[in-house]
2 protein chains.
Amino acid sequence: MNSLDELLTYTKYQITENMNQYIPSYDRIHEAMHYAMKAGGKKIRPALLYAILDIYGSDKNSAHIAALSLEMIHTYSLVHDDLPAMDDDDLRRGKNTVHIEFDEATAILAGDGLLNHAVTLLTSMNYDSEIVLDVIRVISEAASIEGMILGQSKDIQDEVDTIESLNQLHALKTGRLLSAPVEVGVILSDAKQDLEQWRTIAYNIGLMFQIKDDYLDVYGKEEEIGKRVGSDASLNKTTYITLIGQEETNLLLQSKYDETVNLLKELNHLDTSLIEQIMKYVIERKK
Amino acid sequence: MNSLDELLTYTKYQITENMNQYIPSYDRIHEAMHYAMKAGGKKIRPALLYAILDIYGSDKNSAHIAALSLEMIHTYSLVHDDLPAMDDDDLRRGKNTVHIEFDEATAILAGDGLLNHAVTLLTSMNYDSEIVLDVIRVISEAASIEGMILGQSKDIQDEVDTIESLNQLHALKTGRLLSAPVEVGVILSDAKQDLEQWRTIAYNIGLMFQIKDDYLDVYGKEEEIGKRVGSDASLNKTTYITLIGQEETNLLLQSKYDETVNLLKELNHLDTSLIEQIMKYVIERKK
């Protein structure tokens, strides 16, 4: 793949195709799952997986289920995060959230369904059992009670008041599941020697992603970002903006970017320009 | 094992021990998970797994993680079922439900955490990768959007008005996850030739279990069953009692029992008395 556009178009197409193939649609619960998955979004997690496979010249067709599962687990976390008892958001990606479009009970079950079905699908991946088990372990641990769910729990407990604790919160809540596709791509490419370097890079991408999200929640335009501007403030959440202000936040973003470009350069046996383009996209996006 | 008492005592001990070993406890989310798991309950799913392993003379020590995971997935479904947007129950197994004892957001995340952590734990089971993958597939499909979660979805849509549709609802909502431990036990015992017969037996046990639950919801004593009597009626749920009345429900229970005893007898190379005792317990229990 030569460009980010090509990667994102390919990813969007594959997720839509495979969603229709692998998620049934004969019950209301399935409809709600499709609705949540169709609500747009950047699909950055499956895109990261496809990018890594592309960089190593690995087969992408056998990895569609892994790509879909990553997007499903991310989507389940959003559906539950949006619930009235959690962030109470009525708008997500420019559309009604699931509990508004359907109802709260259906949203709870649709989230459960996305998480569970992601695992069921992963068990049918067409690789050696050991590799499949490795992939399930990486994804499941990323989303786990010592990963993403722990991050969600810390988020609702609201004990964050320093840059360090905010970084740690995001590393758990967002970073782990952004790192997972990179790790899965490396596993499926049989390139474990590069795993540690990729983990650090993926962690930084996750952090940049979250810093930019905080930024957009204050300075973005509602019609562009597709969710309510100021929702963090209305929940009294600690963000990079509340902690260090607009200017410092921008500087932090730029320094993380420079640092990560240098980390990419150390993988000098690979053409990593696709990842660099993803990073540029992450920090320059308007939504 | 010689008696049901011995089986249930062993199961309870193992679940408690392994829960403390395999579920961390340094965050509020973990506390809520432990709370939900500790709330008592019959632990019939892990007991069924241990019973099958015992019947085939298979090693039980390697199966503790599978037993624990089954109980965790069952518990997650109860935590979410009890939420205000679902059945809105404040009492479960004689104690406050999780959203009452903690809060709604924590209950949502604790349910997610139990489901996710069950899978994470399963990936670390000490068997060949192929067998581990088989076990994850069986458990995950049982809990799936074409299994338990589909049953929960049908339950909230409330379109049940015949015995057939009520049987189907329970087969999905309860039957599949009661069948899973039996299947897992057969897989771990390398006895796939008996699998179909055991599936039918497990399905019947699930049905008896649910018929008895409906019965106790009307005729049980609150101090014995540990949850509100009449909660089905207050939700206008269709039950065996509302469809065919008390006397016919008892007859149905007895005929299912007799039918299943005959199915057990066909497995004449095995001593299945432990399963027969479980069945007797299921239909005679007061809670």
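A charge counts as sitting over a ring if NZ of Lys or CZ of Arg is within 6 Å of the ring centre and within 35 degrees of the ring normal. Keep that in mind as you look at this predicted model.

**Charges over rings**

Start with chain A, where A:Arg285 lies over the face of A:Phe209, at 4.2 Å from the ring centre. Now hop over to chain B: there, B:Arg285 lies over the face of B:Phe209, with 4.2 Å to the ring centre.

**Rings meeting rings**

How many aromatic pairs are there over all chains? The count comes to 6. To describe a pair of aromatic rings, you give the distance of the centres and the angle of the planes. Here are two of the pairs:

| Pair | Centre to centre | Angle between planes | Arrangement |
|---|---|---|---|
| A:Tyr35 and A:Phe102 | 5.7 Å | 70° | edge-to-face |
| B:Tyr10 and B:Tyr50 | 5.0 Å | 80° | edge-to-face |

Let's take the A:Tyr35 and A:Phe102 pair and see where its partners come from. A:Tyr35 belongs to helix α2 (residues 28-38) of chain A, while A:Phe102 is in the loop between α5 (98-101) and α6 (104-122) of that chain. They are 67 residues apart, so this pair links distant parts of the chain. Are these two buried or exposed? A:Tyr35 has 14% relative accessibility, so it counts as buried, and A:Phe102 is buried too, at 15%. The cut-off for buried is under 20%.

The pair of B:Tyr10 and B:Tyr50 also links distant parts of its chain. B:Tyr10 sits in helix α1 (residues 4-22) of chain B and B:Tyr50 in helix α3 (residues 44-55), 40 residues apart. B:Tyr50 is buried, with a relative accessible area of 0%.

**Two helices crossing**

Packed helices are described by the angle and the distance between their axes. In chain B, the axes of helix α2 (residues 28-38) and helix α6 (residues 104-122) come within 9 Å and cross at roughly 75°. Angles of 65 to 115 degrees count as roughly perpendicular, so that is what α2(B) is to α6(B).

Which residues do the meeting? From α2(B) they include B:Ile29, B:Ala32 and B:Met33, and from α6(B) they include B:Leu109, B:Gly113 and B:His117. The residues of this contact divide into 8 nonpolar, 3 polar and 1 charged.

**A buried asparagine**

Finally, look for A:Asn204 in helix α10 (residues 195-219) of chain A. A:Asn204 is buried, with a relative accessible area of 2%. Leaving aside residues up to four places away in sequence, A:Asn204 touches A:Lys256, A:Glu259, A:Thr260 and A:Leu263.

Notes
Residues numbered from 1 in each chain as written. Chains lettered and ligands numbered in written order. Predicted model: local features only at pLDDT ≥ 70, side-chain atom pairs only at ≥ 80, totals over all residues. Heavy atoms only, no water. Axes fitted to C-alpha atoms, helices over the stretch in contact; angles between N-to-C directions. Helix = DSSP H or I, 4+ residues; strand = E, 2+ residues; numbered from the N terminus. Parallel < 35°, antiparallel > 145°, perpendicular 65-115°, else oblique. Contact = heavy atoms within 4.5 Å. Nonpolar A, V, L, I, M, F, W, Y, C, P; charged D, E, K, R; others polar. Phe/Tyr/Trp six-rings, centres within 6.5 Å; stacked < 30°, edge-to-face > 60°. Buried < 20%, exposed > 50% of the residue type's maximum accessible area, 1.4 Å probe, protein only.
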